[in-house]
Amino acid sequence: MLHFELVTPEKLVRSEDVYMVVVPGSEGDFGVLEGHAPVMSTIRDGALSVYRTEKGEPELIAIEGGFAEVNANGLTVLAERAA
Amino acid sequence: MASLKALKIRIGSVKSTQKITKAMKMVAAAKLRRAQEAAVAGRPYAEQLEKVMASLAAKVSVSESSPKLLAGTGKDQVHLLIVATSERGLAGAFNSNIVRAARRKAEELEAAGKTVKFYVAGKKGRVIKRFFPTQIAADHEMSHIKTVAFADARAIADDVIARFEAGEFDIGHLFYAKFQSALVQEPVGRQIIPVAIDTTAAPVADGGAAVEYEPDEETILADLLPRNVAIQIFRALLENAASEQGSRMTAMDNATRNAGDMINRLTIQYNRSRQAAITTELVEIISGAEALK
């Protein structure tokens, strides 16, 4: 499972293990699964799609002004606003 | 000696003052808890951003072409002091401590021949006008804010950065009160522009693999720099909010205790006067009766 964290300046919005997250990167969307290579990317305003299971429907989280980082510990998304 | 009636009125008025200070103390205690929670909730973001900035800054070399927010303007002539205070008084020395710290820094800079400008955020910082009437660059209106949101910090940061880009100042300092406990709030001033990156922060663990950057290091850094300024201001506002309530709680606790002491003193005085009056009356009656014998 992929460890996924969504953080805004006001609070830690999400911290959970999911199957996959599709991130709206500024140079195109990219999906992050467990074991993804380390990446740092800016994000355009849009929606994160969080897949809890392989077959399940994605949950959409709208974010604004963000930045994503993938490292050995999982995916961390810093956003100014998340809803 | 004051008349009995005057004393009684006095005791009543101190009692109602005590009720007010007691209520203010309790409200401040409740608000303090909430402000502290907000400050703690904001920590993960700031820590993560700091780590990312540190690992990026280690990769990007500062040069002429670097973003101004990182490299500075190349001068240090004009300093902008951003003074963040609260909107309300009755919080002990909270506001005056911040203002004093800013004034001291300003005097120090002026003695070194620098130009100082002020950016006032919060109503209680306006007293600076009295000391430096011509050097107020801006007065940021914050009276409508009940609880600090990131958007409020963002508004200040955008304004300050726009002024920086326009060449209005070279170095920006931020003054606020750091929250240590309900009893101790330390006024601090720190440089926020150009961004001072803490290279001692542990860089992001990349698991040994090369990190891929999208778009590239410089672009990401340029994108993060203004965000870093905003987050620093946001953290200062959160610290300030907690400090303000802590300071008010302590001040009101003292005031409540002082009022209690005063009530005790006045009550003793009241009882003594009453007794003296009774004694005098008795003496008069007895001596009157004696005279009739």
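Modeller: B:Arg227 is buried, because its relative accessible area of 9% falls under the 20% limit. In this predicted model, the side chain of B:Arg227 forms a salt bridge with B:Asp223, with 3.6 Å between the closest N and O atoms. Both residues belong to helix 7 of chain B, where they stand 4 residues apart, about one turn of the helix. B:Asp223, by contrast, is partly exposed, at 27% relative accessibility. The pair is part of a network in which salt bridges with shared partners join A:Glu80, B:Arg154, B:Asp158, B:Asp223 and B:Arg227.

Over all chains, the count of salt bridges comes to 21. One of them connects B:Lys114 with B:Asp76, at 3.6 Å from N to O. This pair links distant parts of the chain, 38 residues apart: B:Lys114 lies in the loop between helix 4 and strand 2 of chain B, and B:Asp76 in the loop between helix 3 and strand 1. B:Lys114 is partly exposed, with a relative accessible area of 22%, and B:Asp76 is partly exposed as well, at 37%. A further salt bridge joins B:Arg163 and B:Glu168, whose closest N and O atoms are 3.3 Å apart. Here B:Arg163 is buried, with a relative accessible area of 16%, whereas B:Glu168 is partly exposed at 30%.

Helix 7 of chain B also contributes to the largest cavity, supplying 3 residues, the largest share of its lining. That lining comprises 8 nonpolar residues, with no polar and no charged ones.

How values were computed:
Residues are numbered from 1 along each chain as its sequence is written. Chains are lettered from A and ligands numbered from 1 in the order in which they are written. This is a predicted model: local features need pLDDT of at least 70, side-chain atom pairs count only at pLDDT 80 or more; totals for chains, interfaces and linings use all residues. Side-chain values use heavy atoms; hydrogens and water are left out. Helices (H or I, at least four residues) and strands (E, at least two) are DSSP runs, numbered from the N terminus. Ala, Val, Leu, Ile, Met, Phe, Trp, Tyr, Cys and Pro count as nonpolar, Asp, Glu, Lys and Arg as charged, and the others, Gly among them, as polar. A salt bridge is a side-chain nitrogen of Lys or Arg within 4 Å of a carboxyl oxygen of Asp or Glu. Buried means under 20% relative accessible area, exposed over 50%, partly exposed in between (1.4 Å probe, protein chains only).
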